[in-house]
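Please read them with the coordinates open.

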Amino acid sequence: MSYAITSKQLLFTLISCMLGAGILSLPRVTAEAVGQDAWLAVILGGVIPFVSIWLSNKVVSRHPGLSFAALTEMLAGKWAGKLLSAVFVIYSIIAAAAILRVFSEVITMFLLPRTPILVKIMLGLAVSAYMAGSGIKVLGRLNEFLFYVLLPTLFLSIPAVVKFADIHYLMPVLNNDLAEYSKAALTTGFAYSGFETIIAFAPYVLKKKETLKAAVLALIITITIYLYAVITTVTVFGSELTQMFTWPALRLLSVSEIPVLERIEFIAIIAWIGIAIRPVSNQYFCAGLIIKDVFGIKSLSKVVALLYPIIAAIAWYPKNISIAFLLSDFVGMYSLILGTALPMILLGLSLIRGKGRARDEKNT
Amino acid sequence: MKKYRIAPKAVKPMSTIKFRTKASDGGNNADSADFFDRTADRLRKDLSGNADVIMRELFAGGNENIDALLVYLMGNIDKKLLNDSVIKPLMTCSGLEGIEPRGERLKEYIAKKCLQTGSVKYSKDYNTALQDMFSGEGILLVKGIEGFIIFTVDGGQKRQISEPETEKRIRGTKEGFVEDIWVNIGMIREFIKDPMLKIEMLKIGQRSQTDVAIAYINGLADSKIVDEVKKRIKKINIDALLSSGYIEQYIEDNPWSVFPQFLGTEKPDKAAASLLEGKLLIMIDRTPYALTAPVVFVEFFQATEDYYEKFHIGIFSRIIRLIAFLIAVLGTSIYIALTSFHPELIPSELLISFARLRKKVPFPPVIEVLIMEFTVEVLREAGIRLPTSVAGTLGIVGGIILGDAAIRSNLVSPAMIVIIAITTVCNFVLPNYSMTLSMRLLKFFLIILSASFGAYGIALGLLIIVTHLAKLESFSVPYLSPYAPFRLRDMKDSLLRLPLWMHVKRPVSIPHIDDKRAVNNREKSGTGEN
Amino acid sequence: MKKTHRYILLSLAIINIALFLSGCWDKRELDELVVPFIIGYDYANEEEKEQPDDRYLISAGLPVFYEDTAEKYYVDISSGSLDGEVISRRNRHFGEQIIQGQLQVVVLGEELISNENIMELTDILSRNPAVKGSIPLAVSAGRAADMLCVPVKQYPNQGIYIQMLIKNIRRTNFIPTCSLFECNRHIISNYTAPLLPYIVHEGDNIVFAGSCLLNEGKRMEHLNMEETEIAVMLRGIRSRGMITFDVVEDNKIIDQVTFEGKNRRKVKVKKEGDRYIFNILIKLSGRLFERKKNEPIIDHKDFIQLSQKSLEDLVKKRAEDLIIKVQEEYGFDALELGMVIKAHSREKLAKEDIDRIIQESEINVEVKVQIENAGGKI
């Protein structure tokens, strides 16, 4: 492995993968599912990603030093391994396109209503391509840096909360049946999609022992940020009103005025562009990395450039925002399945075959 | 280390430069007297046409049998030193009658008894000697000695040590580097009297033979970086090295980036501080502007005064600089984005006044901005070349009258002028000049993006800039340390400056060997003082 | 730079430059915009209807950006069957684009609001993300269009006048303000009737004359100033205001006093079977603003206590009157108890359930007044 990232950078990369376009519509989705217990749904939704992270980490730690493509080939044989890698790559491509599309929709609504969506997609994708093509070290640094810089935007919603929040909107607690909670957990799980990329990033971490800690911490931080978003929205709007807005978290900012800059949404949107474009570039990078490893291409930037029209086309395909949300849900479902099934398959194969690197095995 | 490319062709060694006349096959057994005559003739032929080359014939020690020829450049030597330490003792040197007028004994006698200069060298190679003569040394050719005696009589009119124009300080040394590299090296040694301070010299430039000094503290600076810097400098193969800028452009990691990858300074205290952190200092003869490597982004926001004054002021100044940086880079683009694309986001009272002002101006905001920016850039360029007597008056009169007239004729709106003025002033707040130039380019980049896509363009532009910064490495040190790979220990001195007595260890971001740089005595003496 | 990299970069650069030059789709010149700051909704009279089936009349107050016109402020009135249609009608006599993002106040005509559902009327405002959620609403006596055309002396135009009025009223009087978002919240999440301020044109001024409770377009109830103040206190809308009252000792009026302070409320809910018992605690805290009798308070030791007690009794009596009115006359939730009920009930309740519960439950009021200081003069 010529590249290496620190475990802290892995942490921030994972957070960036998960915390994307989902945060703005999350309050609506959870409020639709379980009403005032939206915050509970957020926590429940983190269960499946947690399991997946644990499994992935197990697999990677048993075979240190192997990239994802090499790992699948070693465990499942050449062609089955390539097939598994292909599945992952297809997921990454569609995920990048879906997130990019939803992100462009938000831009359409708030900033540039008349620019054709293709232009917005192409611009956003060009910047993502630049970020993705820089390699894993730079990506790690970027994720870390941007997380710190953009974290204060969470505080923008505090004036609204201070003035209007009411704890009554969260009561009564636990008023729905179990079926609704499990359905909510599933739907909320879509918001965490991005956790499965750990299996692609983990092999590059410098200190192997800290990978699990970093991944779990990433999940916890994401859950906390989602909780914050959901609780602030629901306590200010009430669960029924939250369901009315497409992007309640952003609507939250227009509720209260602050003295100098009357519209703090401006700052929030600009910061949010930095937040939401990172899952696109991270997924883009994953896809590029795996293709590069599978086909043995030397230059990452060439692969990235090749993928550009594919992702742009997929992102452009939905004709309106409802279809875009459907695509996003599809990606979420795909991520949950992939995130649990893939590590399980790999772990099973690994347990059968035993530990170690492919070339050191004496049996084969 | 990342590979970078300079000259694609193979490097030619210096010594293959040939002079016009060919040396006759002077072997070791040739007659020494012959050598003297031959060489003297050859010198006269090669150096004809140079009015400043003086060839002084004399008798060594007053002995008519020992002819000597002294060759030197008149403008580059210290005449008094030459007369007192070379010509006079050489002519009046006693005891030369008893020496055999040839061979080693004569050479030793002259060099060690008669020549009273500080340094003496011997060389048999004609080209080397000639090169040295052109580098400001004197060469002595004596009948009976096969070879040249080369000595240093350095002099010539040089600039005195004075305060540099671009880096003025209130507190701290007011000395600045001068053009003479030996004076500069002397100044550095005054600050760091550590014997571990190593200063290595290279000569770069085929025709200029410029002295380049690489200074570092042995045992402190990372040896890999030292080797890399030396390797890159040695690879430079150009005609002449006229300024430190040339070296910078040849050895920087990413020549396509707009950000400076070396920190240049004219102040010896800043240079010494960099050395103490484990960095390298590159000094070039004839340029007072020295370079430090490796460098990170936050260093361009740090000034030496932050350290000399109280740390409260240090923190405050750095925050101001950061805000000014953001304003200078983002100010105009945000104005364009707000007025052209997102009128809903302007506070409502401002909106009415902006709109009323804009109603009178015929151009769209982008054209207005470009006109104003162009004017400012032109003023800046012209201001550098104006003689100071004219500049002052022109500035006041032109600025006030022109500005007033421009507003009245509705060519630009007053709000625009205010914004341009603020951003221009904020532009110069950074202590380092190279970064100021980069900021101008970034500003234009963002203006173009925001003129096409509004706030989305600004956000994307900022992301591109941040990505580029994250990618940039200066001799394998990430440009955005200590923020990108987050180093907690370095936070004591990056944006904020904690008290000096807390800086116990060296910053992690610059690779170094020895960690400790101070002992925090304040903690220990806590009980004693009130 | 490798050659292929150079070609890739070049092609990307060309594409992007083409994008830039091909036109900025969203560029709007600031001075070519029409920016309504205040908007009024009404029913359209026969004469005002541009088309026979128009229902609504929408008036908008806009600033004029040209310097050398006669008027700096202009009220534009158009009719249509839906807001959107009105905008398209209006576009016909403005050459410029209308943006809604800078709206500051919405004024609703009295007649309109009694019969129509406010949510439907303001749908266009909620749907447009550029419109702030915090714009205050107000109900005007008579027609909103008239209110917007009132000749005004000490302000540059009516829009600013109404804006100034509404913006800060909660800091000087116990008069409610209700922003668009709060209105939505009351109707959708709380099943409560929102309380909007009511403005009247009197002489040269626009004056607050009470408030209105909206019950989903079926009824609109009007409260006068006294009732409004009590409603604000009962609902817990945090404001500052002044109350002038008589200080009573042993059933004798001994003095008149003005109290200035702010209000808060606390609600406690108890459930006995199906029946709810609410205990609303109104807290008023502030200072003694003025006293009619020019005597030092220190002489009369219990004066502050007496004032407090008198105010408490007064407010309590008025509050109980209002509660009875709400329960018997109105029959819907006018006291912002909807969310409290929903928080304490495990069943999914609809609006009718809330209305029923309000009518049937027992609502008690407690008032606590705290006069913290008596100003600089004792």
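The points below take the chains in turn, then their contacts.

1. Basis. This is a predicted model, in which local features need pLDDT of at least 70 and side-chain atom pairs count only at pLDDT 80 or more, while totals for chains, interfaces and linings use all residues. Residues are numbered from 1 along each chain as its sequence is written, and chains are lettered from A and ligands numbered from 1 in the order in which they are written.

2. Chain A, secondary structure and burial. Chain A has 17 helices and zero strands. Helices (H or I, at least four residues) and strands (E, at least two) are DSSP runs, numbered from the N terminus. Of its 364 residues, 59% are buried. A residue is called buried if 20 or more other C-beta atoms lie within 10 Å of its own, exposed if 12 or fewer, and partly exposed in between, with C-beta atoms placed from the backbone.

3. Chain A, overall form. Along the principal axes, the C-alpha atoms of chain A fill a box of roughly 70 × 45 × 35 Å. Among contacts in chain A between residues at least 6 apart in sequence, 85% join residues at least 24 apart. Two residues are in contact if their C-beta atoms, placed from the backbone, lie within 7 Å.

4. Chain B, overall. Chain B contains 16 helices and 12 strands. Buried residues account for 38% of its 530 residues. Of the contacts in chain B with a separation of 6 or more, 66% are between residues 24 or more positions apart. The domain assignment gives domain 1 (28-152), domain 2 (181-295) and domain 3 (307-477) of chain B; such bounds come from an automatic or database domain assignment. The centres of domain 1 and domain 3 of chain B, taken over C-alpha atoms, are 63 Å apart.

5. Helix α7 of chain B. Which residues of α7(B) (residues 244-251) are buried? They are B:S244, B:I247, B:E248 and B:I251. Seen down the axis of α7(B), these buried residues fall within an arc of 100 degrees, so they line one face of the helix. The arc is that of the directions from the helix axis to the C-beta atoms. The cover over the buried residues of α7(B) includes α6 (223-235) and the strands β7 (210-217), β8 (263-265), β9 (280-284) and β10 (290-293) of chain B.

6. Helix α11 of chain B. Residues 348-360 of chain B form α11, with 13 residues and a reach of 19 Å from first C-alpha to last, close to the 18 Å expected at 1.5 Å a residue. The expected span is 1.5 Å times one less than the number of residues. In α11(B) the buried residues are B:L351, B:F354, B:A355, B:L357 and B:R358. They lie within an arc of 170 degrees seen down the axis of α11(B), so they line one face of the helix. Among the elements that cover them are α10 (311-340) and α14 (414-427) of chain B.

7. Contact of chains A and B. This contact takes 23 residues from chain B and 25 residues from chain A. On the side of chain B, helix α15 (residues 433-471) gives the most, with 13 residues. By class, that side has 18 nonpolar, four polar and one charged residues. Ala, Val, Leu, Ile, Met, Phe, Trp, Tyr, Cys and Pro count as nonpolar, Asp, Glu, Lys and Arg as charged, and the others, Gly among them, as polar.

8. Contact of chains A and C. Here 27 residues of chain A are in contact with 21 residues of chain C. The elements giving two or more residues to the side of chain A are α6 (78-110), α7 (117-132) and α13 (239-242) of chain A. Of these, α13(A) gives the most, with three residues. The side of chain A that touches chain C divides into 15 nonpolar, seven polar and five charged residues.

9. Chain C. Chain C is divided into domain 1 (28-223) and domain 2 (236-378), with C-alpha centres 32 Å apart. Between them, 14 residues of domain 1 are in contact with 14 residues of domain 2. On the side of domain 1 of chain C that touches domain 2, α7(C) gives the most, with three residues. That side divides into five nonpolar, six polar and three charged residues.
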